[in-house]
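Here is a quick tour for anyone opening this structure for the first time. Have a look around, then read on.

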Amino acid sequence: MSHRRPLPLSTLPRLLTTIGTIGTVLAFGARADHPREFSNPYADVQWEETSVFHGNLHTHTTYSDGLFAPYEVVDLYKKHGYHILALTDHDTDHFEARPAILYPWNDFAAIFEEIRHRTSTSWRWNRMDFGQFTGPWESRDPDQLGMLAVPGVEISRPHHIASLFCDYAGGTDSEETAFEEIARHGGLAVLLHPGRYQFEDDWYIDFYRRHSHLVGLEVYNQNDRYPEDREHWDRLLHELMPDRPVWGFAGDDMHELEHLAWNIMLFPLPHLATEPLRTSIETGAFFFYRPHHQMSPPSLEITRVTGAPQRIDLEIEGQIESVDWITFDPENGQSAVIHQGPAITIEDVPETAVYVRARIRGEQGTAYTQPFAVRPAIASALGAFQGAPLAKK
Ligand SMILES: [Zn+2]
Ligand SMILES: [Zn+2]
């Protein structure tokens with residue numbers, strides 16, 4: 001199965017023209033006089049043998065405060081070409097009625113029968129019984145739909161946290177307990193829409209340093225409710241990289257139709273299954289894409305990431321307007337574009353940078369890579385060129 005589109009012939013000349021006419025690129029800091037190198041989170045992707053699967057890992061249903069029944073949400077994402085979906089209802093809105101996650105999809109009908117006479121605690125349903133505002137629910141078979149169902153829940157007090165790949169149901173009011181329980185249940189965690197809160201950066205950094213299964217930060221939420229979340233991501237990366245990557249996530253946080261299909265996570269996988277998806281998420285071997293228009297499929301695709309330790313090359317299919325390499329500028333305390341073009345060498349990177357990430361602007365939307373660590377060139381002596389943090393010092 002291939003989801004690739006042919007490369008438009010006009011892409012390369014257009015890209016070269018674009019790069020040639022770009023204005024000043026911000027540069028800061030002295031050039032490094034000691035050898036450095038990139039780590040590549042995509043190093044283990046077998047590009048010849050992968051297809052790109054579309055995913056959304058943040059969605060709601062009538063199990064919490066969404067407007068659509070679970071099977072309707074599945075059908076909507078199927079209709080819009082998604083292959084991977086996590087239903088992440090708020091633990092605050094169903095926990096009293098049924099302290100369990102909404103999973104598996106084949107049990108939707110039975111779950112509804114279990115809760116139809118129980119009371120919802122959701123703000124949206126004003127303490128109605130589930131049977132008054134939703135149901136009956138139809139079950140869905142992900143295999144039959146060609147989809148992968150990821151078990152999940154949104155832990156919702158106070159900082160919202162996605163718990164994925166496990167059956168932890170939540171019901172705690174402490175982030176620390178939530179992280180410990182997600183780990184104990186074998187799951188992965190993502191801190192969601194940080195722009196909603198007033199926590200200090202150190203609050204995040206402490207959690208990222210102590211919890212290796214806390215894999216990422218949501219940097220696009222719903223219809224981009226918190227655009228400053230990308231700046232927040234860069235500040236955290238500057239503190240935590242090169243040894244502790246934080247992968248960027250883009251989630252629809254779909255409650256109603258106007259939130260649907262604004263964010264697409266792109267996973268290059270050998271086949272659609274939990275294990276390769278989880279590995280992709282743990283190692284940061286995925287991208288995300290934001291269309292200009294709701295419900296539009298990606299107009300560009302990153303088909304390969306290659307390079308030696310001193311260089312990274314992006315192969316991109318589709319119409320490209322610019323490729324910006326971004327890091328954090330500690331002098332200005334802001335995200336900064338430090339280089340443009342589909343390739344970057346280590347000499348292009350300011351000495352103060354501990355990572356770079358790419359933003360690819362196209363005519364119909366923008367794609368993002370995960371951060372590439374920039375570190376002293378000790379790793380090459382060990383023969384390592386991996387996305388995972390180096391354990392040895
Ligand atoms: Zn939330
Ligand atoms: Zn949510």
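Let's start with Val 356. Setting aside its neighbours within four places in sequence, Val 356 is in contact with Trp 325, Ile 326, Thr 327, Ile 338, Ile 344, Val 349, Pro 371, Phe 372 and Val 374. Keep in mind that this is a predicted model. Val 356 also turns up in the largest nonpolar core, which has 107 residues; together with Leu 85 and Phe 288, Val 356 has the most contacts inside that core.

Next comes helix H2, residues 70-79. Which residues of H2 are buried? They are Pro 70, Val 73, Val 74 and Tyr 77. Looking down the axis of H2, you'd find these buried residues within an arc of 100°, so they line one face of the helix. In general, an α-helix has 3.6 residues a turn, so residues three or four places apart point the same way. Here is what the buried residues of H2 pack against:

| Element | Residues |
|---|---|
| strand E2 | 51-56 |
| strand E3 | 84-86 |
| helix H4 | 108-115 |

Just after H2, Gly 81 takes a positive phi of about 85°.

Now for a sheet. Five strands make up an open sheet in the order E5-E6-E7-E8-E9, with mixed pairing. Strand E5 (152-155) and strand E9 (247-251) stand at the edges with a single partner strand each, so one side of each is left without a neighbour in the sheet. On average, neighbouring strands of this sheet are turned by 30° against each other, direction ignored. Within the sheet, strand E7 (residues 188-191) pairs with strand E8 (residues 214-221) in the parallel sense, over three bridges. Ala 189 stands opposite Leu 214 in E8.

Terms used
Residues are numbered from 1 along each chain as its sequence is written. Chains are lettered from A and ligands numbered from 1 in the order in which they are written. This is a predicted model: local features need pLDDT of at least 70, side-chain atom pairs count only at pLDDT 80 or more; totals for chains, interfaces and linings use all residues. Two strands pair if DSSP finds at least two bridges between them. Helices (H or I, at least four residues) and strands (E, at least two) are DSSP runs, numbered from the N terminus. Axes are lines fitted to C-alpha atoms, for helices over the stretch in contact, and angles run from 0 to 180 degrees between N-to-C directions. A residue is buried if 20 or more other C-beta atoms lie within 10 Å of its own, exposed if 12 or fewer, and partly exposed in between; C-beta atoms are placed from the backbone. The arc is that of the directions from the helix axis to the C-beta atoms. Two residues are in contact if their C-beta atoms, placed from the backbone, lie within 7 Å. A nonpolar core is a set of buried Ala, Val, Leu, Ile, Met, Phe, Trp, Tyr and Cys residues joined through C-beta atoms within 7 Å.
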